[in-house]
Amino acid sequence: MNHNTNKNTVTIETNSSSMQAPSFQGTMGPDVIDLRSMPQNLGLYSFDPGLIGTATCSSKITFIDGEKGILLHRGYPIEELATHANFTETAYLLLYGELPTLEQYHVFKKDMNTHRLLNEQIRNFFNGFRRDAHPMAILCGTVSALSAFYHDGLNISQPEDRDLSARRLIAKTATIAAWAYKYSIGEPFIYPDEEMSFSENFLHMLFARPGNHYKVNPVLARAIDRILVLHADHEQNASTTTVRLVGSTGSNPYACISAGIAALWGPAHGGANEAALNMLKSIGTRDGIPAFLEKAKDRNSTVRLMGFGHRVYKNFDPRAKILQETCREVIAELGLERDPLLDLAMELEKVATHDEYFIKRGLYPNVDFYSGLILKALGIPENMFTVLFAVARTVGWVSQWKEMIEDPTARIVRPRQLYIGSNRRKFTPIHERG
Ligand code: SDX
């Protein structure tokens, strides 16, 4: 990956020595200081446990400006993609760097659709899970096992193999996700339809049943497609960093994406959409908001306002604004009387965004605050919310994985530490320990 050559240097001085560290300027965003020679030159490590101020790679895929609420994919604003592009088009853009021509789009779509089917033996995996297994557990385990079935495409030094595995993962993760849902409700699996769009097929596999002609509602398919576009990639978030780290050891792409799924599952990350909906249910009514917010603001409590706050966005998450609008559209399309949870969410947002505690800390609704409400309105159960997030983010994960593998400067990720344990001490045999 060639950095922007507009290099300056930063002088780093200690009491006894100093060094010139090169700094690099990207296309947009803050410059970075290259500290890789600091251990050798100054005998010092940088210390940044949450990687709050550390750039772990250079990338051309996604740019975020947390202060201005900007999110670009390959330079295209998320608002444009969410309005004018579909998920397959966005997948092409993230994977290959340019929006596809109509011809390229149709060839890509047709090939992607052929990868939706799973090896028939994979059906047996599901029977090994309890019916009440969390679908994320099934997704995580089954995606990792795909490498046991798809041996071609594992020579990741070959571009065509990387491409084949990337397309398989995007297509097959959706099938596994839908089948995990069917398995949890005891209904037969619905095989993918190669003629349908990504989102129509996903809804089809979720809700069609043998013997009934399930008709995909185009408005709901569009809503799902927009949610997938909004969740496709998000720079170096926790799960993407996990995928890059696992990929840096040379692990096969299925293992890398499975690791990303595991990281996304946490309630501080992709699990927040499920947690936000459960939070709204626990608050119950508008009267419950003040007491809940007091708990969320209490530093001694572990309660958090789920769906609020973000490591990068300190004003607003542009995806949350789009999802709020989509939420209203879906609720109206479904003719749901003013959904009480949506009303509660909007009141909670209004109260929290005018509360000094949240304003002072730059805590605003994030992508997870409204996504759960939309998915619930679409009839998708809470335990499938993060699964859908994973289906979408697989596009970002494989794109970032591919970029890392193709970066000649990429190395195995192996950070150091600040050691605060015991000094060297003499071993005492057990019978002498008293
Ligand atoms: C996603 O990184 C990405 O891009 C992620 C994501 C993606 O697309 O990949 O955008 C998806 O993960 C969105 C975030 C979903 N998570 C949640 O909604 C869970 C609730 N949010 C928090 O857990 C928290 O805001 C994080 C994890 C999202 C961000 O954590 P940070 O940046 O480490 O912030 P912090 O914990 O250092 O908080 C700073 C202050 C603290 O208070 P003080 O110590 O200053 O007194 O803000 C407080 C925190 O206690 N705080 C919250 C809060 N979030 C932060 N207080 C109450 N409720 C919250 N939600």
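I122 touches T142, L146, F149 and Y150 once residues up to four places away in sequence are left out, a contact being heavy atoms within 4.5 Å. This residue sits in the loop between α4 (102-114) and α5 (123-127); helices here are DSSP runs of H or I with at least four residues, strands are runs of E with at least two, and both are numbered from the N terminus. With a relative accessible area of 1%, I122 is buried, where buried means under 20% relative accessible area, exposed over 50% and partly exposed in between, using a 1.4 Å probe and protein chains only. Its C-alpha atom is separated by 17 Å from that of I170, 48 residues apart along the chain.

A quick word on the model. The structure is predicted, with local features needing pLDDT of at least 70 and side-chain atom pairs counting only at pLDDT 80 or more, while totals for chains, interfaces and linings use all residues. Residues are numbered from 1 along each chain as its sequence is written, and side-chain values use heavy atoms, with hydrogens and water left out.

Just after α7 comes G186, with a positive phi of about 70 degrees.

Next, a helix pair. Helix α12 (residues 272-283) packs against helix α15 (residues 340-352) at an angle of about 95 degrees, and their axes are 10 Å apart. Axes are lines fitted to C-alpha atoms, for helices over the stretch in contact, and the angles run from 0 to 180 degrees between N-to-C directions. That makes α12 roughly perpendicular to α15, on a scale where under 35 degrees is roughly parallel, over 145 roughly antiparallel, 65 to 115 roughly perpendicular and the rest oblique. On the α12 side, L277, M279, L280, K281 and I283 meet L341, L344, A345 and L348 of α15. The residues of this contact divide into eight nonpolar, no polar and one charged; Ala, Val, Leu, Ile, Met, Phe, Trp, Tyr, Cys and Pro count as nonpolar, Asp, Glu, Lys and Arg as charged, and the others, Gly among them, as polar.

S248, in the loop between α10 (238-247) and α11 (253-264), is buried at a relative accessible area of 15%. Leaving aside neighbours within four places in sequence, S248 is in contact with M404, R411, I412 and V413. The C-alpha atoms of S248 and I412 are separated by 4.6 Å, although the two are 164 residues apart along the chain. S399 belongs to helix α18 (residues 385-405) and is buried too, with a relative accessible area of 2%; beyond four places in sequence, S399 touches I61, L94 and L95.

An open sheet of three strands runs in the order β1-β2-β3 with antiparallel pairing, two strands being paired if DSSP finds at least two bridges between them. The edge strands, each pairing on one side only, are β1 (8-13) and β3 (32-33). Six bridges link β1 to β2 (residues 18-24) in the antiparallel sense, and E13 has S18 as its bridge partner in β2.
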